[in-house]
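Subject: Structure for your files, with notes

Dear colleague,

I am handing over the structure we spoke about, and I would be glad if you kept it open beside this message while you read. My notes come directly after it.

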Amino acid sequence: MKTQEFIESGILEAHLLGLTNQDEQTQVRQMVEADQMLEEYVVELEAGINQFFEKESVNPPEAIREVVRLRSTRDKKARQEFSNAEKADRQYLEVEVNDTHIKVHKFWRPAFIAVFILSKIFLIAGLYYYFKTVSQEEELERLKIQVEQTR
């Protein structure tokens, strides 16, 4: 493959973004090592990509920064605790999680939905039979009174 065709193929950009497989990575390395012009092009391209990402980057909100800061300090403490735990031959590492969401495997979702729907069906059926029983008891009482009156 000629140098210009190699540049136009887009494989260099994909390589710099980490989107190439192992074979493509070795091919790019070989081509860059063999051609000085291609090496200069890759350096310029990498600088351009870095410049683009720096220019288009967005600073995270302050709340996110605080969470990251807290997690990084917790991570440092956890690493220290883990090294202490290894020294003390402890079997478990204590983990503190500050999360308000329950994380469940995706296969449990249909089961939860089915249980929810079945509970609503049983609630409706229970109410229906309760009111039906009440009305039948009232009808039975009415019929008993009517039979007593006819005697």
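What follows is a short account of what was found, going from the overall fold to single residues.

Please bear in mind throughout that this is a predicted model. The protein contains six helices and zero strands, so that, read from the N terminus on, its elements run α-α-α-α-α-α. Of its 151 residues, 9% count as buried, and the accessible surface comes to about 13,800 Å², with 57% of that area belonging to carbon and sulfur atoms. As for contacts between residues at least 6 apart in sequence, 48% of them join residues that are at least 24 apart.

Thr 20 is placed in the loop that runs between helix 2 (11-16) and helix 3 (22-34). Leaving aside residues up to four places away in sequence, Thr 20 touches Ile 11, Ala 14, His 15 and Gln 25.

Turning to charged side chains, the count of salt bridges comes to two. In one of these, the side chains of Arg 142 and Glu 139 meet at 2.3 Å, N to O; both residues lie in helix 6 and are three residues apart, about one turn of the helix. Arg 142 is partly exposed at 45% relative accessibility, and Glu 139 is likewise partly exposed, with a relative accessible area of 35%.

The other salt bridge joins the side chains of Lys 55 and Glu 56, with an N to O distance of 4.0 Å. Here the two partners fall into separate classes: Lys 55 counts as exposed because its relative accessibility is 64%, whereas Glu 56, with a relative accessible area of 45%, is partly exposed.

With kind regards

Notes: Residues are numbered from 1 along each chain as its sequence is written. This is a predicted model: local features need pLDDT of at least 70, side-chain atom pairs count only at pLDDT 80 or more; totals for chains, interfaces and linings use all residues. Side-chain values use heavy atoms; hydrogens and water are left out. Helices (H or I, at least four residues) and strands (E, at least two) are DSSP runs, numbered from the N terminus. Contact means heavy atoms within 4.5 Å. Buried means under 20% relative accessible area, exposed over 50%, partly exposed in between (1.4 Å probe, protein chains only). Accessible areas come from the Shrake-Rupley method with a 1.4 Å probe; for residues, only the protein chains shown count as cover.
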